Amino acid sequence: MATAQRSGPAALDIKGLNVFYGASHALQGVDLRLDSGVLSVVGRNGMGKTTLCKAIMGLVPVAGGSISFGGQSLVGKDPTEIARMGIGYVPQGRRLWPSLSVDEHLKMIAKSGGAWTVERVYATFPRLAERKSNGGAQLSGGEQQMLAISRALLANPRLLVMDEPTEGLAPVIVDQVEEMLIRLAEEGDMEVLVIEQNIGVACAVADQVAIMVNGQIARMAPAAELAGDRDLQQRLLGVGRHGHDDTPEGEDGAPASATNTESGGASQPAAKKIYNANPVPPTRWSQPVPVAQLERMARVETSVSPASSTVGRSVEQVEIRPLTSPGESVVLVAGTFDTKGEELRYMRDIVRNAGLPVRMVDLSTSGAHSGAEVPAHQIAAFHPRGASGVFTGDRGSSVAGMVLAFERWIERQSGIAGVLSAGGSGGTALVSPAMRALPVGLPKLIVSTVASGQTAQYVGPSDITLMHSVADVQGLNALTEEVLANGANAIVGMVKARREARGRPGSKPAIGLTMFGVTTPCVQQIVGHLKDEADCLVFHATGIGGQSMEKLIDSRKVSGVIDITTTEVCDMLVGGVFPATEDRFGAVIRTRMPYVGSVGATDMVNFGAPETVPDQFDGRLFYEHNPQVTLMRTTPEECRAIGERIGSRLNEMEGPVRFYLTEGGVSALDAPGQAFHDPQARKALFDALRATVRETSNRQLITVSHHINDPAFAATVVDTYRALHGTRTTRGKRANR
């Protein structure tokens with residue numbers, strides 16, 4: 001890479017840097033120098049890389065040593081001063097404003113006269129241009145990362161510090177970021193310090209790579225040397241091994257081949273470098289590409305034998321082994337076999353003795369061998385970072401990594417008849433997200449110590465069965481054996497009953513409807529019209545109700561949706577007790593299902609008993625629905641935000657959309673003479689929807705004069721639903737068009 005050279009002080013010069021977190025010595029005498037261009041820093045999780053970034057930016061106190069930028073000391077300065085000196089920062093975790101659109105983020109930061117402009121950002125990341133009107137919370141993880149990088153670039157800093165810039169990005173976007181960093185080095189407008197887990201990217205964008213181990217810079221290596229030396233990567237970075245692996249090294253210093261007790265031994269994978277003499281399509285004016293750049297951009301291709309361990313490999317590289325033969329299904333007994341192995345095997349034996357095929361799935365993070373048919377390292381390989389994202393050496397991050405890995409693993413499996421587990425709060429939190437990812441109806445049971453307490457965070461919108469363990473799940477005794485046996489026999493009964501069940505005679509398509517007390521008359525009338533032609537599944541719009549309906553939509557358990565009551569958006573935006581998640585409407589967007597919706601109960605925010613209402617809402621208009629539920633009228637300003645939020649989600653729907661605005665009122669309380677009758681607030685809501693929604697022949701806002709609970713409105717909604725789904729009523733019977 002041709003890097004622009006500069007004279008004068010180093011862009012970044014760090015000497016003897018020490019940082020402590022309490023008694024923990026996070027950075028231990030770090031020495032690092034960046035004269036110009038791009039410098040990459042790599043290392044395993046927990047080695048101090050993010051702490052190094054935070055120390056440069058003044059976000060953590062420096063206990064000793066020096067940090068200078070262009071000859072000026074940074075130690076003791078606050079982050080604002082450091083940013084004004086010309087240092088930009090792309091933090092890990094993105095740190096975006098959820099309420100600001102992409103365009104607002106960029107225009108707020110953009111400076112006139114700099115090399116980086118909003119237009120250049122959109123040209124570099126076309127996906128951001130497509131999403132320019134979307135809020136930060138409405139972007140995918142990769143899109144958020146693109147926005148965080150762009151925000152830093154628009155400040156046109158002299159030094160750019162990037163902490164994991166390619167984390168969460170699709171490969172094509174990773175390539176864009178890589179090319180951008182190479183251009184920055186060649187142009188010489190700014191210097192860049194890149195903290196990166198992706199060895200390929202780190203080596204492609206810099207001439208030198210600093211390797212960080214245990215809070216110190218262990219080595220500075222030429223990028224070409226590190227990219228092609230797999231042994232060096234393994235010795236210093238643990239690439240291809242668990243972060244805590246103590247596998248003895250061979251005589252040459254390379255790790256000895258690990259033995260996989262299930263596969264009969266795993267040989268060391270063979271790597272070869274693939275060179276591309278034309279990394280960009282050549283033209284008649286193209287100059288020869290420097291050899292050093294070709295070295296850095298070479299692709300390392302690793303051939304892995306079928307019996308090789310999955311440790312350190314990404315989910316794209318891991319072979320998904322079938323759980324059973326095609327057409328068959330098995331019960332999974334999942335949990336932490338290093339601490340609950342005796343109890344889990346006891347339940348496994350009961351399921352097996354009942355005649356059901358069963359497989360054990362180990363979710364331990366200790367690295368100990370358990371004998372489970374699906375070992376922990378095989379699950380860990382499904383983490384976005386591979387096993388290194390799970391086996392970090394830190395219990396908290398390891399468990400969080402295994403939660404994500406298990407959820408991603410189970411989503412990619414077929415042939416699951418049911419899932420059974422047992423554990424305390426930690427074990428329950430570990431298995432429940434994966435269980436929630438499974439379809440409604442598939443048996444899932446956890447024998448848990450938390451089953452008698454607050455369980456919403458574990459069950460969510462799913463149909464997980466929690467059975468109270470009574471005593472702690474800690475060894476087998478007269479009590480735990482009886483409870484664990486009940487749990488195992490319960491899953492056996494559910495699985496067998498499901499296998500033997502036949503479809504309901506003359507089953508009708510299912511429809512999801514949302515209802516609140518103040519929209520009950522409307523929904524009851526709709527159900528009355530449709531009950532002979534559809535199974536009407538009504539969900540109480542209390543936050544979890546909307547999530548449950550959307551889970552059924554994602555699972556294709558319903559064929560239609562009539563979303564009359566969208567009040568959960570109010571609680572999400574204003575701070576009520578029945579909030580939607582950021583993914584509200586997401587299932588309809590993903591499935592492209594025809595959508596019929598309305599503004600039901602968007603005139604209110606829900607709280608508990610009057611004394612629980614936050615002080616910030618003193619002086620507002622309240623209505624006591626019952627002694628335990630207090631309703632607060634939404635203001636015109638809040639209604640405007642609610643309309644914009646709903647409208648932006650409607651714009652993302654690619655299926656047919658018919659969304660109704662009921663000018664007569666949006667709830668039983670929003671009518672002349674009622675407590676929440678407020679034409680001005682209602683107008684603000686409707687105006688925001690009209691201004692936000694991009695109407696087409698497929699996406700329509702429909703204004704009606706009716707009140708939401710009027711019989712005429714219910715009839716109109718039913719006619720619309722039938723038209724979108726290709727049915728009509730003939731002499732009281734359902735007929736196909």
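Guide: The chain holds 24 helices and 28 strands. These are DSSP runs, numbered from the N terminus: helices are H or I with at least four residues, strands E with at least two. The model is predicted: local features need pLDDT of at least 70, side-chain atom pairs count only at pLDDT 80 or more, and totals for chains, interfaces and linings use all residues. Residues are numbered from 1 along each chain as its sequence is written, and side-chain values use heavy atoms, with hydrogens and water left out.

Five strands form an open sheet in the order 14-13-15-16-17, with parallel pairing. Strand 14 (358-362) and strand 17 (465-468) are the edges; each has a single partner strand, so one side of each lacks a neighbour in the sheet. From one strand to the next, the twist averages 20°.

Take one pair. Strand 13 (residues 330-335) runs parallel to strand 14, over five bridges. Two strands pair if DSSP finds at least two bridges between them. Leucine 332 stands opposite arginine 359 in strand 14.

Next, the helices. Helix 14 (residues 395-411) packs on the sheet and touches strand 13, strand 14 and strand 15 (416-423). Contact means heavy atoms within 4.5 Å. The direction of helix 14 makes about 175° with that of strand 13. Axes are lines fitted to C-alpha atoms, for helices over the stretch in contact; angles run from 0 to 180 degrees between N-to-C directions. Helix 15 (residues 425-436) also packs on the sheet, touching strand 13, strand 15, strand 16 (444-448) and strand 17. Its direction makes about 170° with that of strand 16.
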